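Q: Could we go through this model together, starting with how its helices pack?

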Amino acid sequence: MSDQVELHDEGSVRPPIIERVVRPQDADPKKADWAERKIAFMFLVSAAGTIGFIAAYIAIPSLSTTKDVRWSNFWLGISLTVSLAGLAAGIIAWVRWIMPAHEVVQERHTLAASDADLEIASQIIVVGVEETGIARRSLIKRSLGLALGLFALPGVLLLRDLGPLPRKTLDTTLWKANSPLLNAETGDPVKLGDLEIGSFTTVVPVPVEQMSEEDYAKTPVLLIRLEPGINKPAPGRENWAYQDHVAYSKICTHVGCPIGLYQKQSHKLLCPCHQSTFDVPKACKVVFGPAARALPQLPITVNADGEFIATAPFDQPVGPSFFERS
Amino acid sequence: MTTMKPGGARKPAATPTGPKPAPKILKKGLGEVDERFGTAGFLKRNLNKVFPDHWSFMLGEIALYSFVILLLSGTFLTFFFRPGTNTVIYPTTGNYVPLRGLPMTEAFESTLRISFDVRGGLLIRQIHHWAALLFMAAIVAHCCRIFFTGAFRKPRETNWLIGVGLVTLGLLEGFAGYSLPDDLLSGTGLRIAYGIVESIPIVGTYLGSFVFGGQFPGPDFIPRLFTIHILLVPGILLSLITAHMIIMWHQKHTQWPGEHRTNDNVVGAPFYPAFMAKTGGFFFATFAVTAGLSALVQINPVWLYGPYNPAQVGAGSQPDFYIGWLEGTLRMMPNLETHVDGHTISWNVLIPAVVIPGILFTAMAVYPFLEAWVTRDYAIHNICDRPRNRPGRTALGVAVLTELGVFLLAGGNDVLSEKYDISLYATTWTFRAAFFILPPLAFMATRRICLGLQYRDAHSAQHGYETGRIVMLANGEFIEVEAALPEDVVARMGLEYRQGPPPALEPPVDEHGVRSKSRHNPLEKVRGRIGAFLYEPDVEPLTNGHGDGHASNGHADGELPAAEQTELTSGQGHTD
């Protein structure tokens, strides 16, 4: 190694230099002074940025309009950037222009100890184990194992009350026989004739404000009015639609996003999250995308007041699949 | 030897001069500390610590400094953020007019307050989000640097494992962070997360209920996520980063091959003061970039998405990039679901969202050990591999990155379809095909490119480079002058560190007629096959003409004998 190191100041407290670099400013004090002034200028720019930040903070005292917010964010951000960038540029220029650019070298010392030390360390461990007597005294070993093993259980047990057992909560929704179909936005019952052909609305069985978030998250239903005669009900579901009106769960059977896009021309529902596509007139079966199951259908009819009601709850859990789902 | 510093010139050795004695007051102060803590020995060793210099070594620093910015900006945000799921009404005096009077959770309302009522609040929020993106981007880039240069090899496997932990935790931390404001976009992300947890067989339903505190969305979830995001994960991140740094410091940084650089030394700048100051300056540079982005480029405008509503969703919903690849796997996956004995297994969710990331992170973690096992290379390595010098590993890395790129693009299949007016089905099927086709293609192409580059390096080290100067010899023959490459250029090629073929297998039967055990061990066969597939170069390793397989001794001979060289000099006169 030493034959490669060309330059090494005797008695230096620093690592040996292998490549002494002399820049113009190292040879010419005038150039070094000029470099110093440039570096100082960068620090002054930074200081100006910081003063600008304080000025911007005071100058836009109350954020009463979005315009204020925008300008406040702009001026605070720009002045902070100038302040930080000035510091960054100044320090880096200082290192590059003033501090020595020599490459120095240092030996890597082997991390591993000598064989003798390794042997001693191993023996210490062996002797220590012997001192504990654990090899001979199996009663200590076993009872300690039992005690420590049991001790892990309370930690797990304490996590039990993080949440309720799921039980059958995923299988049911608030929809019951005779539940009204209420417009999710207004809370008003949806009546026959409210929907134009080819349009849809989101409906819920009870006003949104009266539901818990957990109930609301699985309850939304899409009520869609199809063009006359195109609905092809699945076997056994002949009475589930009412005069070209069909109702399907809005919660995607893939991972549970609300399905927000209805393609009027092709009568398809598209989940915007992962593009699962459901064919509405064909019982919302999956025609594309990662969802594996058709959207659950809600059987509906119209009561004496001309308002839509459900005739029965969903016949299956809504939303994503889960292990206990049959 | 030539200096690589622009504008620099070498000077003969200075006359040896001993250092001046240190000022008494400093020595006294240091002495007082030393008597109590024994710091002088530590300082003596560590202030002189040499750090190699290369731009690619700064990627990890960017990650570190982004993390510091995240801690600073995040602490500010916690002073104002309220992680509550109680419904409040956005006041009619609220600064953001479009949402006045609307019900929303405390979490969302306080996020609006940070953005619109606290001076500098929006800036700090945007700095926090930009720094998070930069943190993950820098981690990924740093991880690639480590992988492609083989810096994970012995003795640095532990730091690689810590790194894999940091990537995984960073991903979770980012997801937890952008889920906290409880806006429409992040709420949809949490809905997806719950759906993914539900897909796990046997325990999924219970896990979902325990983690979220009940059915989705779960009243306890935002407060829990807050604790996870501001205490638990950052605490683990901080301790892992500390361990990562201490181990790096202790083992000393790797360095690129080059003149004077060996496996047993470090060439670079001393930690104090040059490296310390430069790295400090670099912190400010990183901070300046995040502040500049936050001043000029809007990020995560939750007020435009609105508060979370389980019945609503925004079209074109996209997660942050480090989650985007998982979005892609979910979108690409065909809709497989199995119904067995009253139970459902949703492969369509389980495979893309649980199995694929599980395989990726596990493969990352075991890779250093797998490579060492296959190549039988258990030596200490302190010199970075140039990616071209390890064609098999580089090709494998590029294949994996290609697959991740396919996932990421597939995560935006709706956006791509809309922007380029392509059918959504066509983009999805293209990505499904690309999943199988592109990685092998990337593997083969990368390996060829690496071998080609390696070949060229070895060739120019051996034969020199073509100067482009045509001269006429005395006998009238025209030749192009080739000049030897400078020694330092050849040294930087690191040709002696090239991947050779894996060690030869034992002969099936040795000279005493004893059957080799390893040749009939199935595990050894697997080892040989992986080795042949990944690590054996396709072309004969080039020699430098000296038949020793090493081109590093700097003998980049000119093609011409000395006598003809003389002719060349006179020949040059004719061409002028």
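**Helix packing and chain contact**

A: The crossing of helix 5 of chain B and helix 6 of chain B is left-handed, meaning that the near helix is turned anticlockwise from the far one by less than a right angle. Helices here are DSSP runs of H or I with at least four residues, strands are E runs of at least two, and both are numbered from the N terminus. The model is a predicted one, in which local features need pLDDT of at least 70 and side-chain atom pairs count only at pLDDT 80 or more, while totals for chains, interfaces and linings use all residues. Residues are numbered from 1 along each chain as its sequence is written, and chains are lettered from A and ligands numbered from 1 in the order in which they are written.

Q: At what angle do the axes of helix 5 and helix 6 of chain B cross?
A: The axes come within 10 Å and cross at roughly 160°; they are lines fitted to C-alpha atoms over the stretch in contact, with angles from 0 to 180 degrees between N-to-C directions. Helix 5 and helix 6 of chain B are therefore roughly antiparallel, a label for angles over 145 degrees.

Q: Which residues of helix 6 of chain B make the contact?
A: Helix 6 of chain B gives B:W160, B:G163, B:L166, B:V167, B:G170, B:G174 and B:G177, and B:F135 and B:M136 are among those from helix 5 of chain B. Contact means C-beta atoms, placed from the backbone, within 7 Å.

Q: And helix 12 of chain B: how many of its residues are buried?
A: In helix 12 of chain B, 10 of the 12 residues are buried, that is, with 20 or more other C-beta atoms within 10 Å of their own. B:W325 and B:R331 are among them. The buried residues pack against several helices of chain B, including helix 5 (121–148), helix 6 (157–179) and helix 16 (424–463).

Q: Changing topic, how many residues does each chain bring to the contact?
A: Chain B brings 92 residues and chain A brings 88. On the side of chain B, helix 10 (residues 271–296) gives the most, with 14 residues.

Q: Last one: why does A:L223 count as buried?
A: A:L223 counts as buried because it has 23 C-beta neighbours inside 10 Å. A:L223 is in strand 5 (residues 221–225) of chain A. Beyond four places in sequence, its contacts include A:L181, A:H245 and A:F308. A:F308 is 85 residues from A:L223 in sequence, yet their C-alpha atoms are 9.6 Å apart.

Terms used
Contact = placed C-beta atoms within 7 Å. Parallel < 35°, antiparallel > 145°, perpendicular 65-115°, else oblique.
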